[in-house]
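Hello,

Here is the structure I promised you. Please open it first, then read my notes below.

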Amino acid sequence: MDMEDDTVQVRENSAEDTEMLELPKDPAEVKASEFIKGESSKEIPVESQQPELPENVVLQSLEKEEFIIKLAVGQQSEIIKNAILDGRGENPVPLLNVSAPILAKAIEFWKRHIDAAEGEDLTEWDKAFLGDLSQEVLFELAAAANYMESKSLLDCTCKFIADIIKEMKVEEVRDYFGIECDFTEEEERKMREDNAWAFEQ
Amino acid sequence: MEDNKSIVRRWEDMGMDVLVKILKDLNMVELASVSQVCRQWRLACSNPFLWRTLDLGLLRSNFIQTPDVPPYIYVDDRSDRRLTQILKVAMALSCGSVTCMIFHFNLYMKDEHLNYIAERSPHLKRLVMPGWNRITKNGMSRAIRRWEELESMTMPTIAHPPYIMDEISRSCKNFSQLKIMGTFDVNFASAIATSLPKLKVLSLRCSRITKEALLLLLNCMDNLEVLNISHCLLLESLPNPRLKKIIRELDRTILEKASRFREFFHCQRSSCVACQRMDADEGLMRWYRYEDWFWRQDEVSSLDLGDHGKLFDSDCEKLATQI
């Protein structure tokens with residue numbers, strides 16, 4: 001994950017910006033705990049609140065296509081969360097490593113998870129969602145989840161791919177990933193010998 | 001297949017990071033299999049992230065007890081061979097990165113197994129091995145000598161503790177946590193106080209301990225910060241040496257001395273399931289009668305074992321029985 005070229009440019013508020021950002025109606029109602037899951041909710045005195053925590057966030061894909069989502073949806077990615085909450089917050093958040101179709105899928109996943117009822121089990125939905133994707137999109141989504149530091153999406157995609165390869169023999173895994181074996185025959189023989197127990201199925 | 005090139009780019013775009021995270025979900029049999037895919041994957045399968053903790057808690061020896069013949073346990077050859085093969089796979093893949101190893105109390109390994117894993121896990125920081133019946137003094141000493149970074153050990157009661165405590169104090173400069181399962185008398189306490197004065201954490205939970213031993217710990221272990229005597233059967237000597245009195249409540253002296261600890265865990269409630277089981281088993285907890293998670297528990301968080309992890313799961317357990 002290459003973050004060295006993170007060009008963070010904080011745009012000054014322009015007329016266009018305020019159209020997209022809905023400022024909270026009453027600053028006193030905005031508590032940091034609403035945006036950061038898991039932290040104990042503390043009352044934040046009005047003076048020290050960041051008055052411009054937006055309700056919506058704009059994400060910018062590799063192709064500079066923009067996606068508007070609710071902050072709560074975007075906070076499932078550490079990168080997005082930090083981009084908004086650190087300092088003055090940058091909007092739109094540039095996600096230069098994620099292409100638009102992949103970002104759209106990630107957003108779809110986050111939305112479903114945010115909308116989930118308390119204690120609702122989404123494993124079936126997750127499986128169907130990922131099962132619908134082409135192999136290419138699946139891999140790109142996993143890579144994007146890693147880049148955007150989205151634990152929920154990363155865990156889900158990794159488990160899904162893991163479940164696929166668990167059922168496969170070595171040759172099948174190679175086919176699935178389009179990998180050429182670069183071991184010598186001697187090396188392969190030795191590996192088989194070392195792992196004898198594991199292959200006695 | 002023209003598609004080949006673009007597909008190859010794809011998995012490599014996912015990167016090693018993601019591949020390793022995917023592999024975290026696989027057990028060691030599955031890892032052994034996919035480690036043959038190609039060199040990069042072999043590397044990924046040996047990533048330390050996967051092998052920090054090798055929890056073989058689901059593996060048991062096929063044994064019978066032989067109460068009249070030392071070492072009082074007989075394990076069949078097939079069981080030994082099975083253990084050898086499993087350790088071979090684990091050590092080959094882990095490439096020396098295992099820092100914590102956990103074994104079941106019914107896993108009775110021999111010196112040769114112990115030596116094998118000691119040679120191949122030089123950075124071991126924690127060992128949980130409650131079944132020492134078939135291990136010799138030499139065997140254990142040699143293993144400990146290889147584990148310079150050892151910090152924590154869970155062991156059974158042994159007849160002559162000094163030699164082990166000595167070896168640990170010589171070889172393991174960072175050793176700070178000890179858990180004993182079984183009985184704990186003043187000789188054991190003395191061995192620890194003598195050889196491991198820097199010990200910080202000690203758990204004796206669910207053991208049969210003497211008041212004498214407890215007082216020695218409280219008086220002599222200056223660096224001890226955490227002591228766990230939950231659900232212990234606490235015995236006090238009586239004038240008649242063949243009789244012992246069960247102490248049902250800790251007296252003020254003990255509580256006062258123990259108040260200096262950062263954490264002092266004790267429980268002797270008749271309503272507590274663990275205490276009831278101790279009573280029923282007369283102080284020598286018969287772990288095999290109870291749930292698997294029960295022996296793995298500890299009130300001290302750094303000694304609690306939690307879940308079995310992915311490396312050796314129930315699928316591996318089933319496969320193992322076929323060896």
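How many residues of chain A are in contact with how many residues of chain B? The count is 39 from chain A and 36 from chain B. Keep in mind that this is a predicted model.

First, the interface. The two chains bury about 3,400 Å² between them. Carbon and sulfur atoms make up 66% of that area. Three salt bridges are counted between chain A and chain B. One of them joins the side chains of A:Glu187 and B:Arg39, at 2.9 Å from N to O.

Now look at the side of chain A that touches chain B. Four helices of chain A each supply at least two residues to this side: H7 (135-147), H8 (151-166), H9 (170-177) and H10 (185-194). H8(A) gives the most, with eight residues. By class, this side has 21 nonpolar, 13 charged and five polar residues.

Next, the cores. The largest nonpolar core has 137 residues. Those with the most contacts inside it come from both chains: A:Leu59, A:Phe177, B:Trp41 and B:Leu178. H8(A) gives the most to this core, again with eight residues.

Find B:Trp41 on your screen. Leaving out residues up to four places away in sequence, B:Trp41 touches A:Ile165, A:Val173, A:Phe177 and A:Ile179 in chain A. In chain B, it touches B:Trp11, B:Leu19, B:Val34 and B:Ser35.

There is also a second, separate core of 19 residues. Among them are B:Val128, B:Leu235, B:Cys275 and B:Met278.

Best wishes

Conventions. Residues numbered from 1 in each chain as written. Chains lettered and ligands numbered in written order. Predicted model: local features only at pLDDT ≥ 70, side-chain atom pairs only at ≥ 80, totals over all residues. Heavy atoms only, no water. Contact = heavy atoms within 4.5 Å. Buried area = accessible area lost by both parts, 1.4 Å probe. Salt bridge = Lys/Arg side-chain N within 4 Å of Asp/Glu carboxyl O. Nonpolar A, V, L, I, M, F, W, Y, C, P; charged D, E, K, R; others polar. Core = buried A, V, L, I, M, F, W, Y, C linked by side-chain atoms within 4.5 Å. Buried < 20%, exposed > 50% of the residue type's maximum accessible area, 1.4 Å probe, protein only.
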